[in-house]
Amino acid sequence: MSVVRVQSAPFDLGAETGAFAARAAGAGAVVTFTGLVRDDTGDLQAMEIEHYPGMTDRAIRAICNEAATRWSLAETLVIHRHGRLAPNELIMMVATAARHRADAFAAAEYLMDYLKSRAPFWKKEIGATGAAWVAARPEDEDALGRW
């Protein structure tokens with residue numbers, strides 16, 4: 001089963017992780033990853049994330065289904081926030097559950113690489129000196145090549 005939530009509201013990492021593990025019946029491993037809004041320049045005041053609701057949800061569900069098939073997952077969870085976020089706020093969470101840890105880890109990495117490079121989100125960094133859209137990074141694109 002895949003749960004995908006694209007939301008503006010903050011989420012409780014501990015509560016989400018506990019609820020996810022409770023739903024993962026028969027799993028021997030649960031892997032989670034949480035992304036934070038990162039300030040690479042020392043100037044970041046906020047990040048604004050935009051998306052198209054129907055398109056974003058469908059795209060993330062499709063990749064969750066692909067991961068579940070490739071790694072025999074019992075459960076997946078993707079939470080991704082949108083709107084205006086401050087540095088160090090939780091921006092996203094990926095969780096995978098499988099009978100074996102190797103599958104859970106591989107699937108989580110696959111989902112994270114996809115979300116970073118292909119999920120239809122547009123990010124703008126806002127600082128004291130102005131705002132700029134975040135461009136795709138070659139290393140993020142290269143990470144998809146291993147899958």
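Q: Is R81 buried or exposed?
A: In this predicted model, R81 has a relative accessibility of 4%. R81 counts as buried because the cut-off for that class is under 20% relative accessible area.

Q: What does R81 pair with?
A: Side chains of opposite charge can pair when their charged atoms come close. Here R81 forms a salt bridge with E89, and the closest N and O atoms are 3.0 Å apart. E89 is partly exposed, at 25% relative accessible area, whereas R81 is buried.

Q: How many salt bridges are there in this model?
A: The rule is a distance test: a side-chain nitrogen of Lys or Arg within 4 Å of a carboxyl oxygen of Asp or Glu. By this rule the model has 10 salt bridges.

Q: Which residue does R23 pair with, and where do the two lie?
A: The partner of R23 is E75, with 3.2 Å between the closest N and O atoms. The pair links distant parts of the chain, 52 residues apart. R23 belongs to helix α1 (residues 13-23) and E75 to strand β4 (residues 73-81). On accessibility, E75 is buried at 5%, while R23 is partly exposed at 34%.

Q: What does the salt bridge between R118 and E141 tie together?
A: The two side chains meet at 2.6 Å, N to O. R118 sits in the loop between α3 (101-117) and β7 (121-127), and E141 in helix α4 (residues 138-144), so the bridge ties together parts 23 residues apart in sequence. R118 has a relative accessibility of 45% and counts as partly exposed. E141 falls in the partly exposed class too, at 29%.

Q: Which residues are linked in a network of salt bridges?
A: E109, D113 and R146 are linked in this way.

Q: What is the volume of the largest pocket, and which residues are closest to its centre?
A: The largest pocket holds about 900 Å³ of space. Its lining consists of 27 residues, and those closest to the centre are R38, K116, K123, V134 and D140.

Q: Which elements give two or more residues to the lining of the largest pocket?
A: These are the strands β2 (29-36), β6 (90-98) and β7, together with the helices α3 and α4.

Q: How does the lining of the largest pocket divide by class?
A: The classes are nonpolar, polar and charged. In this lining, 15 residues are nonpolar, 3 are polar and 9 are charged.

Conventions
Residues numbered from 1 in each chain as written. Predicted model: local features only at pLDDT ≥ 70, side-chain atom pairs only at ≥ 80, totals over all residues. Heavy atoms only, no water. Helix = DSSP H or I, 4+ residues; strand = E, 2+ residues; numbered from the N terminus. Buried < 20%, exposed > 50% of the residue type's maximum accessible area, 1.4 Å probe, protein only. 1 Å grid on protein atoms, 1.4 Å probe; cavity = no way out; pocket = protein on both sides within 12 Å on 5 of 7 lines; lining within 4 Å. Points joined across faces, edges and corners; volume = space filled by probe spheres on them. Nonpolar A, V, L, I, M, F, W, Y, C, P; charged D, E, K, R; others polar.
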